[in-house]
Amino acid sequence: MAAGLGPMEVRVSKSQVAFRRRRGFAYLWRPGTYVKSAVPVVLSLALPYEAASPRFKEIAHPSPGVWMHHLELLDSSGLDREVAEWMRQAYESAG
C-alpha cells in the first residue's frame with residue numbers, strides 16, 4: 001500500500017517500521033511488545049487533522065499540526081480504500 005505513494009525512506013528498528021518523507025507519516029508496530037494484546041500489528045498514521053472514525057483505537061495530538069491515529073489491524077483485510085486515503089494524506093503532509 002505504501003509503495004505506490006511515491007519516494008520515501010523505510011526505517012526498520014527493533015520496535016517498528018517507519019515510513020518517512022521529510023518526516024515520518026506511517027508506522028507499523030506490534031503492541032504485544034509493550035502491553036498485553038492479541039492484536040498482531042498497529043498502523044499509526046500522522047495526519048494534519050483529527051480524522052473522526054470509530055476505526056481508530058486512539059488519536060493523540062503530540063505536536064501542533066499533527067494528530068497520530070492508531071489503527072489496530074487483525075489481518076490485511078483492514079487495509080481498505082479508506083486506510084489507503086488516510087495513508088495518502090499522511091504521505092502528502094509529510095513532504
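What share of the contacts in the protein chain with a separation of 6 or more comes from residues 24 or more positions apart? They account for 43% of those contacts, where contact means heavy atoms within 4.5 Å.

**Basis of the views.** This is a predicted model, in which local features need pLDDT of at least 70 and side-chain atom pairs count only at pLDDT 80 or more, while totals for chains, interfaces and linings use all residues. Residues are numbered from 1 along each chain as its sequence is written, and side-chain values use heavy atoms, with hydrogens and water left out.

**View 1. The whole protein chain, with one helix and six strands.** Along the sequence, the elements follow the pattern β-β-β-β-β-β-α; helices (H or I, at least four residues) and strands (E, at least two) are DSSP runs, numbered from the N terminus. The radius of gyration of the protein chain, 13 Å, is close to the 12 Å that the globule rule gives for 95 residues, so the chain is as compact as a globular protein of that length. The radius is taken over C-alpha atoms, and the rule is 2.2 Å times the number of residues to the power 0.38. Of the 95 residues, 35% are buried, a word that means under 20% relative accessible area, whereas exposed means over 50% and partly exposed lies in between (1.4 Å probe, protein chains only).

**View 2. The largest nonpolar core, which has 17 residues.** A nonpolar core is a set of buried Ala, Val, Leu, Ile, Met, Phe, Trp, Tyr and Cys residues joined through side-chain atoms within 4.5 Å. The residues with the most contacts inside this core are Phe-25, Ala-26, Leu-43, Leu-45, Trp-86 and Met-87. Two or more residues come from each of β3 (24-29), β4, β6 (66-73) and α1 (81-93), and α1 gives the most, with five residues. Apart from this core lies another, of five residues, among them Ala-18, Tyr-27, Ala-46 and Met-68.

**View 3. The surroundings of Ala-26.** When residues up to four places away in sequence are not counted, Ala-26 touches Val-17, Ala-18, Phe-19, Leu-43, Ser-44, Leu-45 and Met-87.

**View 4. Val-41 in strand β4 (residues 41-47).** Because its relative accessibility is 23%, Val-41 counts as partly exposed. Leaving aside neighbours within four places in sequence, Val-41 is in contact with Leu-28, Trp-29, Pro-31, Leu-71, Glu-72 and Leu-73. Leu-28 is 13 residues from Val-41 along the chain, and the C-alpha atoms of the two are separated by 6.6 Å.
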